[in-house]
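Try each one before reading its solution.

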Amino acid sequence: MLLEDLHVILKVAEFKSITAAASNLDMRTATASAAVKRVEQALGLDLFIRTTRHLRLSAAGERYIPQCQQALAMLDLAKQTMKSDDDIIDGELRIAMSSDLGRNIVIPWLDEFMQTHTQLSLRANISDSNIDFYRDSVDIALRYGKPNDASMYGFKICNVPRVLCATQAYLDEQGTPMHPHDLAAHKGLFYQLQDIIKDVWVFSGQNGEFKVKMNGGHATNDGDLVRRWCVSGKGLAVKSCLDMSNDLLTGNVVSVMQEYKPTPTELWLVCPSRQSITPAVRLLRDAFREKSTTILKALIAKGIIDESVLS
């Protein structure tokens, strides 16, 4: 069984089309179709169910494709580990990121990283939707929250406090809340996940935990849009301090009610398997840790977050 044929199989599974896979691989459709047939004949199984209009994985294909991916990833890792430490880091980085963090913070980090490692190429998936590593064709994901799937591998990048923030103009007009009970009179800007609007905000203070059901007329499934609404003075938002760091440090928005802290989170770099952890991924992990620490220290210096976040 040829390795090239297995790469064709994975592309057909990704695009759900032999024609589209062939186009992506810059080969004739007949060549791709022949590769599929060779693999199926070698296995004695049909990996795909074909109709005149559709192609989908068979039950055997659903079992085989993930194992095929892992096998090819292991071979790629073996190739990488055979290189000397002085060799160039190369290959394709296929990374998923949330909208706000990706567009406004991480893309500049990646641009700088690739200027150093010029043999790398980048495929960025920017979305706030949950990532399926197979469906979305990504190798790593930078995401808030510790992975809850035991089959995943991840590196913690940093602790991430969340902040309640607004523009000074909004606060001058509507008043500055001093206690969670004051928030009932304010406009909330909400993130929406799978049609569920996150309009119940939780704060912790010396007197315990407070849950507040907020009012507001703005909700979206795009975290970057929540930030933009906040910067334009449309209300209060609870956001990651990393997402809001540029606006907090330049004074576009201010942190409000700092004695009562929203529930914090963590930033993780997640991989679907150990074989996905290439030398490039390890270098990227280290770069992310360095860059995020620099931002956190700047926010600490401004008194926006507490230095305990670095522990």
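**Exercise 1.** What area is buried between domain 2 and domain 3, and what share of that area do carbon and sulfur atoms give?

*Solution.* Keep in mind that you're looking at a predicted model.

- Start by locating the parts: the domain assignment gives domain 1 (3-81), domain 2 (92-156 + 266-309) and domain 3 (162-263).
- Next, see how far apart the two sit: the centres of domain 2 and domain 3, taken over C-alpha atoms, are separated by 24 Å.
- Now list who touches whom: 19 residues of domain 2 are in contact with 20 residues of domain 3.
- That brings us to the area, which is about 1600 Å², with 57% of it given by carbon and sulfur atoms.
- On the domain 2 side, Asp100, Asp128 and Ile304 lose the most area to domain 3, together 32% of what that side buries.
- Finally, count the charged pairs: there are four salt bridges between domain 2 and domain 3.

**Exercise 2.** Work out how helix H5 and helix H7 cross, and which residues make their contact.

*Solution.* 

- Find helix H5 at residues 99-116 and helix H7 at residues 223-231; their axes come within 6 Å and cross at roughly 70 degrees.
- Angles of 65 to 115 degrees count as roughly perpendicular, so H5 is roughly perpendicular to H7.
- H5 brings Ser99, Asp100, Arg103 and Asn104 to the contact, while H7 brings Gly223, Asp224 and Arg227.
- Sort these by class and you get no nonpolar, three polar and four charged residues.
- Two of the side chains, those of Arg103 and Asp224, meet in a salt bridge, at 3.8 Å from N to O.

**Exercise 3.** How many salt bridges does the structure hold, and which strands does the pair of Arg123 and Glu92 link?

*Solution.* 

- The total is 18 salt bridges.
- Arg123 lies in strand S4 (residues 120-126) and Glu92 in strand S3 (residues 91-97), so to speak distant parts of the chain, 31 residues apart.

Note on methods:
Residues are numbered from 1 along each chain as its sequence is written. This is a predicted model: local features need pLDDT of at least 70, side-chain atom pairs count only at pLDDT 80 or more; totals for chains, interfaces and linings use all residues. Side-chain values use heavy atoms; hydrogens and water are left out. Axes are lines fitted to C-alpha atoms, for helices over the stretch in contact, and angles run from 0 to 180 degrees between N-to-C directions. Helices (H or I, at least four residues) and strands (E, at least two) are DSSP runs, numbered from the N terminus. Angles under 35 degrees count as roughly parallel, over 145 as roughly antiparallel, 65 to 115 as roughly perpendicular and the rest as oblique. Contact means heavy atoms within 4.5 Å. Ala, Val, Leu, Ile, Met, Phe, Trp, Tyr, Cys and Pro count as nonpolar, Asp, Glu, Lys and Arg as charged, and the others, Gly among them, as polar. Domain bounds come from an automatic or database domain assignment. Buried area is the accessible area (1.4 Å probe) that two parts lose on being put together, summed over both.
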